[in-house]
Amino acid sequence: MAQVILENVYKSFPGRKGERIAPVTAEPLLTPSNEGLVAVGETPVPPTGGVSVLRRINLSVQNGEFMVLVGPSGCGKSTLLRLIAGLEEATGGNIWVGDRLVNDLAPKERDIAMVFQNYALYPHLSVYDNIAFGLRRTKLGNGELGVGSGEEQTPKQVPGWTEDALVALTRSLPKGLRYLSDKEKAVDEQVRTVAQLLQIEPLLNRLPKQLSGGQKQRVALGRAISRNPQVFLMDEPLSNLDAKLRAETRTQIVKLQRQLGTTTIYVTHDQTEAMTMGDRIAVMNQGQIQQLAPPLELYNQPANKFVAEFIGSPPMNFLTVQVKAPLLIQHSQFRLTLPEVWSSVLQKYDGLSLTLGIRPEHLSVGVPAPKNLPVQVDLVEALGNDTYLSVTLAESSTLQVRIPPDQVVKIGDALWLSIAVDKIHLFDPQSGLAMRSDC
Ligand SMILES: Nc1ncnc2c1ncn2[C@@H]1O[C@H](COP(=O)(O)OP(=O)(O)O)[C@@H](O)[C@H]1O
Ligand SMILES: [Mg+2]
C-alpha cells in the first residue's frame, strides 16, 4: 500500500507536424516585500508546442483510498493513468508512489498493477496459468496476500536439471505426478487465495474462451491482485460488460478493495460508477481536474457548472435569470424570492444575470402562481420507481423533472412547476463558477 501524489503534472503529445515540445520549466514565485520582489517558491510554466492533454494536475491519493477519475471521453483520464503506470512520460511535474519519486522508473519498477478495459488474457493458458504467469516471472513474497515482496528464491539444483525445467516438463501430468518446487508451491498458494477471493475457483482449469465476459474480467483482476502491488490502476474495467453484470462486478471490486486495502485509482466515464465506488472522486474536463471531493459533496456542492451538469442523471437544469436585490430572481416566465442566505451574492449581482441550476428532483407539480413555471409536457418516462418528464418552458428551454411514480401526467399536459427554493444552485454565467450562499 502506498499513497500516490501527482504534483503539477503536465502532458503534451507532439502535434501533427511533429513539433518539439518544450518541457515545463520553473519560474520563481515572487511576492512583494520591503526589499522589492522576493522569491518564495517556484511556479511551473506550462510546456509549449504540441497538443496539451493534461494541465497542472495536482492530486493526492491517500494510502488505501479508492479514488475515481471521472470525465467525458477524451478528457485525459487514460493518459493520466498511463503516466502513473510509467507507460507514458510526463512533460512536466512529479509523480510519487509511496515515498519514491517514480518519474524516471520503468513500469515494472513502480510496483503497480493495471487492469484495462480489454481483459488481455493469454488465450492459450488456463485461468490458473493466467493468474500464475506474473507470479512465476516476478519475485514472490512468502506466498501470502498482504505481505510485501521478499527475496527471490534460488532454485535448488537437481543434478542435470534446474527446478524450473522439471516444473515445466511435468506441468501437463496429472496433479500427483507434477514436480512442485518451493517457488511453485508458493505460486499455487497465491493463485488459490486469489481465486477464492474472486470466487473463480471452479474456473481455474478453463481457457479464456470458455469464460463469460464477467468471468474474464474477474480473472484479469485476479492477475493484478495476485502480484500484491502497492497500487491498482483500473481503466474502465467494466465497460465491456452488460448492465447487470457491471453492477455486480462493481460491488465486488469495491468489497475486494476494502478487504485488501490497496490504494486504487479507478477511471470511468460513467458518473453512476464514480458515485457508487469512490471514497473520493476527481472530476476531469479538458485535461484539468475540475473538483475533487467525496461523492455527495460533488452532488450537493458542485464547484462549477461543468461538475453540476456531469454528476447526476438526468442532469441539472439551467436557466438564465436576472437579479433584483435584495432577494428576487426574475425570468420571463416566473419570479422567485430566494432565502436570506443568498442576499450577499444577489447584492453583488444586482441588475446582472446569473445561471440558476435546479436538479430534476427539486421541481414538482404545483399550482398556477407567479413564482411557478408554466410548462408543456413533451415526454413521460415511467420507470416504475420514478417517473421522468421532459417539459418545455416558454418554447425555448427544455427541463427534466422527476415526479413520484403514482402521479399521473400525460404528454401534452400543461403544468405549473414549483421550485424547491432551498435546493437551488447559482453560477456565474461567464466563469461557470458556483456561487456559495452564506449558510
Ligand atoms: N499518443 C497520443 N498522441 C496524440 N494524442 C493522444 C495520444 N494519446 C491520447 N491522445 C489524446 O489525448 C486526449 C486524451 O485522451 P485519453 O487520455 O485517452 O482520454 P480519456 O481516457 O479520458 O478518454 C485525447 O484528445 C486523445 O486524442
Ligand atoms: Mg480512456
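Two strands are taken to pair if DSSP finds at least two bridges between them, the strands (E, at least two residues) and helices (H or I, at least four) being DSSP runs numbered from the N terminus. The model is predicted, and local features therefore need pLDDT of at least 70, while side-chain atom pairs count only at pLDDT 80 or more and totals for chains, interfaces and linings use all residues. Residues are numbered from 1 along each chain as its sequence is written, and chains are lettered from A and ligands numbered from 1 in the order in which they are written.

On these terms, strand E5 (residues 66-70) and strand E13 (residues 280-285) pair in the parallel sense over four bridges, with Ile 281 of E13 as the bridge partner of Val 68. E13 also pairs with E14, here in the antiparallel sense and over five bridges, and Met 284 has Ile 289 of E14 as its bridge partner. The hairpin formed by E13 and E14 has two residues between the strands, and Gln 286 in the turn has a positive phi of about 45°.

These strands belong to an open sheet of six strands with mixed pairing, in the order E8-E11-E12-E5-E13-E14. Its edges are strand E8 (112-115) and strand E14 (288-293), each of which pairs on one side only. Neighbouring strands of the sheet are turned by 20° against each other on average, direction ignored.

Ligand 1 is surrounded by Phe 13, Val 51, Val 53, Gly 71, Ser 73, Gly 74, Cys 75, Gly 76, Lys 77, Ser 78 and Thr 79, a residue being near a molecule if its C-beta atom, placed from the backbone, lies within 6 Å of it. Strand E4 (51-61) and helix H1 (77-85) each supply at least two residues of this shell, and H1 gives the most, with three. By class, the shell has four nonpolar, six polar and one charged residues, where Ala, Val, Leu, Ile, Met, Phe, Trp, Tyr, Cys and Pro count as nonpolar, Asp, Glu, Lys and Arg as charged, and the others, Gly among them, as polar.

Helix H5 (residues 213-226) and helix H6 (residues 243-260) pack at an angle of about 20°, with their axes 11 Å apart. Axes are lines fitted to C-alpha atoms, for helices over the stretch in contact, and angles run from 0 to 180 degrees between N-to-C directions. H5 and H6 are therefore roughly parallel to each other, angles under 35 degrees counting as roughly parallel, over 145 as roughly antiparallel, 65 to 115 as roughly perpendicular and the rest as oblique.
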